[in-house]
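This briefing covers a predicted model. The points below are grouped by topic, beginning with the contact between the two protein chains.

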2 protein chains.
Amino acid sequence: MNSLPTLEPAADEACCAPAGAPALGAEEAKQKALVFKALADPNRLRLLSIVKAEATGESCVCDLTEPLDLGQPTVSHHLKILVDAGLLHREKRGTWAYYSLVPGALEQAAGLLATL
Amino acid sequence: MNSLPTLEPAADEACCAPAGAPALGAEEAKQKALVFKALADPNRLRLLSIVKAEATGESCVCDLTEPLDLGQPTVSHHLKILVDAGLLHREKRGTWAYYSLVPGALEQAAGLLATL
DNA sequence: CCCTGATATTGATAATCATCAATATGCGGG
DNA sequence: CCCGCATATTGATGATTATCAATATCAGGG
């Protein structure tokens, strides 16, 4: 249903830009923009922050709706965007869904800026 | 006219988060989201990339409209957003406007992810 | 002093997005 | 087997946003 490589396949172009196109190509730019789009919302940044700050490394949706003062469907929606962007991992155990940071994902997102 | 601290005043809060709020606060999140909002557009990423790749370190608008296949007003609009976000610097010499990367701005933006 | 060219601004429009209410799904307990 | 709870999905609505056409600003040249 989705073909969003977003983060993982960062190595989709050769090391040397083809002569005449040293700068970011259109498709490459669109891919990178997807990650920043996911980060471009205050509530999503707070979600990442809360999950990161959790001692266990994971949080369930029920712990996330209250501090953000948002409805449960809205939080689920934001979480889905973060998962699709490759930033969060989702694991369902019983009735609860636990979200955790994808290891290295934030560092990789930061690295996107270095390779502009 | 604008009160967008965005990048520069990153030191607007104490070093230690107030007890009870270990995660990102609402206002802090909004500020950081502003920077990522500026980065969340493919054309703006390409603008940054082109300016960065330029040997002289700067580009004028006339050199930026063509590779992006966008109208001149649209490019000016995107450039303004990048300037407001603290990522680009604008200098007008004669009839031309030259844009250059603000030194360290991309690194600082990347650092925002480390301090979530 | 007008004229040309480069850039910025304004106004309008279509697309995207954040949010909520309502509903669906699916697990665990009685 | 039905019920309640946690989460996901759908549909609708209001708010942003990206884009363009038209116009304004403004420097330099004739």
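In this predicted model, 27 residues of chain A are in contact with 27 residues of chain B. On the side of chain A that touches chain B, the elements giving two or more residues are α1 (26-39), α2 and α5 (105-114) of chain A. That side of chain A has 20 nonpolar, 1 polar and 6 charged residues.

**Relation between the two copies**

- Chain A is superposed on chain B by a rotation of 180° with 0.0 Å of shift along the axis, at an RMSD of 0.0 Å.
- This is the relation of a two-fold axis.
- Ala110(A) has the C-alpha of chain A nearest the axis, at 2.2 Å from it.
- The copies meet through the same surface, because 100% of the interface residues of chain A are also interface residues in chain B.

**Fold of chain A**

- Chain A has 5 helices and 3 strands, and from the N terminus on its elements follow the order α-α-β-α-α-β-β-α.
- Of the 116 residues in chain A, 33% are buried.
- Among contacts in chain A with a separation of 6 or more, 60% are between residues 24 or more positions apart.

**Packing of α2 and α4 in chain A**

- Helix α2 (residues 42-53) of chain A packs with α4(A) at an angle of about 75°, and their axes are 10 Å apart.
- An angle from 65 to 115 degrees counts as roughly perpendicular, and α2(A) and α4(A) are therefore roughly perpendicular to each other.
- From α2(A), the contact is made by Asn43(A), Arg44(A), Leu47(A) and Leu48(A); from α4(A), it is made by His78(A), Leu79(A), Ile81(A) and Leu82(A).
- By class, the residues of this contact are 5 nonpolar, 2 polar and 1 charged.

**Leu45(A)**

- Leu45(A) lies in helix α2 of chain A.
- Leu45(A) has 25 C-beta neighbours inside 10 Å and therefore counts as buried, the cut-off being 20 or more.
- Beyond its neighbours within four places in sequence, Leu45(A) is in contact with Leu39(A) and with Leu24(B), Ala29(B), Lys32(B), Ala33(B) and Leu116(B).
- Ala114(A) is 69 residues from Leu45(A) along the chain, and the C-alpha atoms of these two residues are separated by 21 Å.

**Surface near DNA strand C**

- Of the 24 residues around DNA strand C, those that come nearest are Gly71(A) and Gly94(A), together with Cys62(B), Pro73(B) and Ser76(B).
- At least two residues each are supplied to this surface by α4 (72-84) of chain A and by α3 (61-68), α4 (72-84) and β3 (96-101) of chain B.
- With 6 residues, α4(B) gives the most to the surface near DNA strand C.
- The class counts for this surface are 9 nonpolar, 11 polar and 4 charged residues.

**Surface near DNA strand D**

- DNA strand D is surrounded by 24 residues, of which Cys60(A), Cys62(A), Pro73(A), Ser76(A) and Gly71(B) are the closest.
- The elements giving two or more residues to the surface near DNA strand D are α3 (61-68), α4 and β3 (96-101) of chain A, together with α4 of chain B.
- Near DNA strand D, α4(A) gives the most to the surface, with 6 residues.
- The surface near DNA strand D has 9 nonpolar, 11 polar and 4 charged residues.

How values were computed
Residues are numbered from 1 along each chain as its sequence is written. Chains are lettered from A and ligands numbered from 1 in the order in which they are written. This is a predicted model: local features need pLDDT of at least 70, side-chain atom pairs count only at pLDDT 80 or more; totals for chains, interfaces and linings use all residues. A residue is near a molecule or strand if its C-beta atom, placed from the backbone, lies within 6 Å of it. Helices (H or I, at least four residues) and strands (E, at least two) are DSSP runs, numbered from the N terminus. Ala, Val, Leu, Ile, Met, Phe, Trp, Tyr, Cys and Pro count as nonpolar, Asp, Glu, Lys and Arg as charged, and the others, Gly among them, as polar. A residue is buried if 20 or more other C-beta atoms lie within 10 Å of its own, exposed if 12 or fewer, and partly exposed in between; C-beta atoms are placed from the backbone. Two residues are in contact if their C-beta atoms, placed from the backbone, lie within 7 Å. Copies are superposed by least squares on the C-alpha atoms of residues with pLDDT of at least 70 in both. Axes are lines fitted to C-alpha atoms, for helices over the stretch in contact, and angles run from 0 to 180 degrees between N-to-C directions. Angles under 35 degrees count as roughly parallel, over 145 as roughly antiparallel, 65 to 115 as roughly perpendicular and the rest as oblique.
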